[in-house]
Amino acid sequence: MDESPAIGIRERARGALRGELADVALGLFEERGYDQTPVDDIASAAGISPRTFYRYFGTKEEVLFGDLPTTSVDLPALLSDHLTQVDPWEALHQTMRHVAENIGTERVRWSRLLRVVNTSDTLRAGHLEQQMNLAQSLIPTLIPAVEGPAGWSDLRARVLVHAALTCFDTAFSHWAERDGDIEMLEALDIAFTTFSTVDSVKS
């Protein structure tokens, strides 16, 4: 007997409950703050036990992001592809634009999430660690494309990558603080244009 329809129903029900839990949690985080809201309170507000909560989300942080479509791609590979067509700074710009386009599919949710992140010491620390890891993954890809003495290529690549991530974070925060009533891509383009003097490092 084919059990796939039943499996499909269960998966849809599971997805619906995950979405409901995420909505409840986000509302509480906005009201009380992420660090001040324990899992027990989220579970209680959703009418379930903490044990049931952990069947759907492994951590409190996961409930914030776990039900969103993934925005992750192989960014080093994407950057490498852009580097075959444009200079290093523009390649970073186009790579960050790809991330922003994915975020735009859930713009209201992401703007709410970022405001929560920006008010939490715990989440900001985790975000900083993620950004450092991302930078370390992009720098080796950029180094061969940066002109200048070999001894300085690493430094120049690091500066470009960290500047690009700063542009992205600043534009993202600016967009979120305005409840998403401006275009994320426009904010990103303006941020990168502001750093356009960095563009003098050509491939």
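1. Just after helix H2, Gly-47 adopts a positive phi of about 75°. Helices here (H or I, at least four residues) and strands (E, at least two) are DSSP runs, numbered from the N terminus. The model is a predicted one, in which local features need pLDDT of at least 70 and side-chain atom pairs count only at pLDDT 80 or more, while totals for chains, interfaces and linings use all residues. Residues are numbered from 1 along each chain as its sequence is written, and side-chain values use heavy atoms, with hydrogens and water left out.

2. Helix H2 itself spans residues 39–46, and Val-39, Ile-42, Ala-43 and Ala-46 are buried in it. Buried means under 20% relative accessible area, exposed over 50%, and partly exposed in between (1.4 Å probe, protein chains only). Seen down the axis of H2, the buried residues fall within an arc of 95°, so they line one face of the helix. The arc is that of the directions from the helix axis to the C-beta atoms. An α-helix has 3.6 residues a turn, so residues three or four places apart point the same way.

3. Overall, the chain has ten helices and zero strands. Of its 203 residues, 38% are buried. Contact means heavy atoms within 4.5 Å. Among contacts between residues at least 6 apart in sequence, 69% join residues at least 24 apart.

4. Helix H5 (residues 75–83) has Leu-75, Leu-78, Leu-79, His-82 and Leu-83 as buried residues. These cover an arc of only 140° around the axis, which puts them on the same side of H5. Their cover includes helix H6 (88–103) and helix H8 (121–142).

5. Which residues touch the most other members of the largest nonpolar core? They are Leu-92, Leu-142 and Phe-168, in a core of 56 residues. Helix H9 (residues 150–177) gives the most to this core, with twelve residues. Such a core is a set of buried Ala, Val, Leu, Ile, Met, Phe, Trp, Tyr and Cys residues joined through side-chain atoms within 4.5 Å. Leaving aside neighbours within four places in sequence, Phe-168 is in contact with residues including Met-96, Ile-103 and Leu-188.

6. Val-159 is also placed in helix H9. Its relative accessibility is 47%, so Val-159 counts as partly exposed.
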